[in-house]
Amino acid sequence: MHTICLYIDKKRISPYAMSVYVALKEKGLNFQEKAVDLDLLEQQTVAYRHICPSGKVPCLLMDDFHLFESWAITEYLEDTFPAPEYPALYPQDSKARAKCRAVQALVKTDFMAIRQAMPSDAIFVPPKGLFIGSAELMQDIQHLLALTETLLNEYWLTEQWSIADFDLAFMLYRLRSHQIELPDKIQSYIQRNFQRASVQAWIMENEKLKLESAQIH
């Protein structure tokens, strides 16, 4: 039996923390959460740097092993808790798995204009007012949509759902939150991902946090 602790952002808006949370839920693993207040710069404290040398969230602590970077964590979880004993996060086929890793790398390193103009909190609290995007942003949006159209199979990136599907869907949801018109195929893809029990569990916790915050104020 492993002792697992996931360090996440206190506001629960990080797509990277959410990705690892979803992975843990998909695996059916029991884990504890610890919140890091990024506004108070708790990630820069000596205490947290001792846990997570990168000073980021998420960070996974399993027994005495510390690991940061979300895609490294999800791959570690897949290797440590493999299928078929545990539900798979990645396909078994090497080519399909490589495709998923490539998509994760793109989503987490590219599309900077989207990530800056459409922050992740917009997914949980839809922005108000008219959205006007720059030429660079619109180019990023067109690139993301074209890429998704090319890579998607009928339902998922490969024959089965993977954690890369969630990561891509989260990026696409940024567009949806800002009322960007999306093809029906992509709308359905986002919906399928966000209807998963693992994703809904995070959203419910986020809603609970917002309610608690509103009651305090």
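This is a predicted model: local features need pLDDT of at least 70, side-chain atom pairs count only at pLDDT 80 or more; totals for chains, interfaces and linings use all residues.
Strand β3 covers residues 59–62 and strand β4 covers residues 65–68; the two run antiparallel and are joined by four bridges.

Glu69, in the loop between β4 and α3, has a phi near 75 degrees, which is a positive value in a residue other than glycine. The relative accessible area of Glu69 is 34%, so this residue is partly exposed. Phe111 belongs to the loop between α4 and α5, and its phi, near 60 degrees, is again positive in a residue other than glycine. Phe111 is buried, because its relative accessible area is 3%, a value that falls under the 20% limit for burial.

Two cis peptide bonds are described here. One joins Val57 and Pro58, with omega about 5 degrees; Pro58 is situated in the loop between α2 (46–51) and β3. Another runs from Ala83 to Pro84, with omega near 5 degrees, and Pro84 is part of the loop between α3 (70–80) and α4.

Helix α4 spans residues 94–109 and contains Lys108. When neighbours within four places in sequence are left aside, the residues in contact with Lys108 are Tyr16, Ser19, Ser70, Trp71, Arg115 and Asp167.

Helix α7 consists of 17 residues, 135–151, and extends 24 Å from its first C-alpha to its last, close to the 24 Å expected at 1.5 Å a residue. Its buried residues are Leu137, Asp140, Ile141, Leu144, Leu145 and Thr148. Viewed down the axis of α7, these residues fall within an arc of 130 degrees, so they line one face of the helix. On the face of α7 turned away from the buried side are the exposed residues Ala135, Glu136, Gln139 and Thr150. The cover over the buried residues of α7 includes α5 (112–117), α8 (163–177) and α9 (184–194).

The largest nonpolar core comprises 57 residues, of which Met18, Leu24, Leu77, Ile114, Phe166, Leu175 and Phe194 touch the most other members. Helix α8 gives the most to this core, contributing ten residues. Because domain 1 (4–87) and domain 2 (94–197) both give residues to the core, it lies between them. Apart from its neighbours within four places in sequence, Leu24 is in contact with Ile4, Leu6, Leu29, Phe31, Leu60 and Leu77. A second, separate core has nine residues, among them Cys5, Tyr7, Cys52 and Cys59. In soluble globular proteins, nonpolar side chains tend to be buried together.

How values were computed: Residues are numbered from 1 along each chain as its sequence is written. Side-chain values use heavy atoms; hydrogens and water are left out. Two strands pair if DSSP finds at least two bridges between them. The expected span of a helix is 1.5 Å times one less than its number of residues. Buried means under 20% relative accessible area, exposed over 50%, partly exposed in between (1.4 Å probe, protein chains only). The arc is that of the directions from the helix axis to the C-beta atoms. Contact means heavy atoms within 4.5 Å. A nonpolar core is a set of buried Ala, Val, Leu, Ile, Met, Phe, Trp, Tyr and Cys residues joined through side-chain atoms within 4.5 Å. Domain bounds come from an automatic or database domain assignment.
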